[in-house]
Amino acid sequence: MATDKKLADLVAKTMEKGQKIWDGTSVAVGVIKDGQVTLLDGYGYRNVEEKLPADGQTLYQIGSCSKAFTAALCAIFVDKGLIDWDTPIREYDPDIRFYDDYVSDHVTLRDVLSHRTGVPRHEYSWYGTDFDRQQLVHNIRFLEPNKPFRTDFQYNNYGYLVAGAVLEKVSGKTYEELLQEYIFNPLGMKRTNAYLDLLEGDPDHGQAYDRPGGTALQGIVKGKPYRTPVEDYSKKIGSPFAPAGAINSCPEDMLKWVQLHLNEGEWEGKQLISKKNMQELHKPNIPCGALDIPMPEVDKAFDSYAMGWKVECYRGVKVLQHGGNINGYSGFTSFIPSLNLGIVAYANLTMTMEHYAIGRVIMDYYLGAQEEDWMQRYFDTMAEMASSRKDFYADLRGPKVEGTHPTFDLSAYTGTFTRPGYGPVKFWLKDGKLIMTFIGSDVPLSHYHYDTFINDVSYGGDEIKPGLPVKFYTGDNTSTIDVVKIPLVMEEGKFIRFDRVKD
């Protein structure tokens with residue numbers, strides 16, 4: 001559907017080129033201008049094998065575009081007087097603790113929603129584990145910070161789990177129930193939900209796709225959405241990380257969502273969120289870098305983060321946007337208040353930036369800017385990033401010392417290693433090769449040098465590429481392998497230590 005034929009033609013032309021450049025699956029796009037939907041369409045196939053086309057109602061996982069919903073729920077409960085942006089979270093739930101006592105005593109909802117707690121992602125302390133939502137929130141106390149409190153932006157999914165826990169505590173309802181009651185139902189987002197079973201059971205949903213080996217920028221393989229062992233729709237138990245990114249939606253519904261923000265919280269004559277707290281959601285709290293890819297963008301003056309939204313000055317106008325990436329899906333949600341314009345785009349493919357590129361093309365169209373080849377620009381930057389990732393891993397491994405061998409027989413490296421806040425790491429032998437079982441994956445390891453090994457294949461949702469070091473050490477007072485270290489804090493290559501579980 002399109003009411004602006006010129007825009008529709010531009011988007012169709014751009015997407016045709018983008019699908020070739022990115023070897024894409026599908027991207028569904030929606031645009032709303034001055035309260036009117038000017039474009040709602042799909043490009044490519046939501047199921048490549050069956051040649052099923054995408055449309056404006058096709059469901060996708062929107063990943064971290066979900067974060068703005070969590071922030072909005074907080075705004076609703078601030079309006080109710082049950083919570084406050086700047087009151088320490090311990091006032092609402094004293095069981096929530098951080099690694100640092102000072103942070104535990106002072107951290108607020110504004111802090112966790114704007115990623116300024118000083119705690120890095122610690123992504124692989126939750127990804128691929130069987131921790132439930134309560135356990136993940138409990139485990140935050142074991143996750144070391146790497147920056148001083150409130151001094152730096154560090155994107156962190158745990159902050160949104162904390163906000164979700166506070167909402168559940170003060171309401172007595174589950175996060176999923178709150179979404180349905182306060183946002184999905186009032187906005188008429190009838191196709192939107194927060195359960196993976198409802199996504200996969202819908203006849204018009206995007207099949208998840210990945211890149212071969214998790215490293216390529218072209219080629220597609222059928223993938224699987226990320227599912228944890230504790231999810232159970234029959235019992236209405238959702239994903240443990242739902243407040244950080246588990247919503248499934250379509251462009252048609254998401255245009256209603258961005259229009260709510262353009263309306264400053266008003267919907268069909270009812271103020272769902274006060275203007276004051278909508279302004280709080282949209283107000284920059286801390287400077288930040290690019291959340292998508294670090295592409296040089298002379299078109300932008302600054303990047304900052306509000307609560308659930310990235311705020312940028314793009315070609316002289318204020319843009320609020322957020323991306324989303326999760327196994328097999330990518331998303332882009334944005335709006336420009338001064339133009340009364342909302343743009344959404346969702347893809348059923350990881351390792352693509354078609355959705356971001358088309359978003360920029362549409363922004364430029366309404367800004368009257370000169371047409372630019374955003375598809376190629378994003379692709380070239382991603383290709384450069386893929387190349388530099390190899391160099392990053394090389395620095396973590398260190399220069400290879402040729403002619404070395406493991407200190408011990410491979411059987412000495414087997415066993416289970418643990419540390420608080422993370423799931424266990426297990427090592428075992430198969431056909432004479434060392435295998436690592438971690439975050440739901442069995443990963444073959446090859447010897448690098450001395451007592452350092454590297455992974456042969458990608459794991460961690462294909463985000464950990466081949467070649468990351470796994471370093472073994474003898475204990476302080478032993479001559480046996482009792483310690484293993486893996487650089488799992490990817491922001492700075494920090495090694496996380498696991499200790500052997502003694503028999």
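Buried means under 20% relative accessible area. Keep that cut-off in mind as we work through this predicted model.

**Exercise 1.** Decide whether Tyr226 is buried or exposed.

*Solution.* Start with the value: Tyr226 has 9% relative accessibility. Next, compare it with the cut-off, which is under 20% for buried residues. Tyr226 therefore counts as buried.

**Exercise 2.** Work out which kind of aromatic pair Trp126 and Tyr226 form, and where the two residues lie.

*Solution.* A pair of aromatic rings is described by the distance of the centres and the angle of the planes. Phe77 belongs to helix 2 and Tyr182 to helix 7, 105 residues apart. Now for Trp126 and Tyr226: the ring centres are 6.2 Å apart, with the planes at 75 degrees. Angles over 60 degrees count as edge-to-face, so that is the label here too. Finally, locate them: Trp126 is in the loop between helix 4 and helix 5, while Tyr226 is in the loop between strand 6 and helix 9. They are 100 residues apart.

**Exercise 3.** Describe the surroundings of Thr129.

*Solution.* First, find Thr129 in the loop between helix 4 (109-113) and helix 5 (133-139). Then check its accessibility: at 8%, Thr129 is buried. Last, leave aside neighbours within four places in sequence, and Thr129 is in contact with Tyr226, Thr228, Pro229 and Gly423.

Definitions and conventions. Residues numbered from 1 in each chain as written. Predicted model: local features only at pLDDT ≥ 70, side-chain atom pairs only at ≥ 80, totals over all residues. Heavy atoms only, no water. Helix = DSSP H or I, 4+ residues; strand = E, 2+ residues; numbered from the N terminus. Buried < 20%, exposed > 50% of the residue type's maximum accessible area, 1.4 Å probe, protein only. Contact = heavy atoms within 4.5 Å. Phe/Tyr/Trp six-rings, centres within 6.5 Å; stacked < 30°, edge-to-face > 60°.
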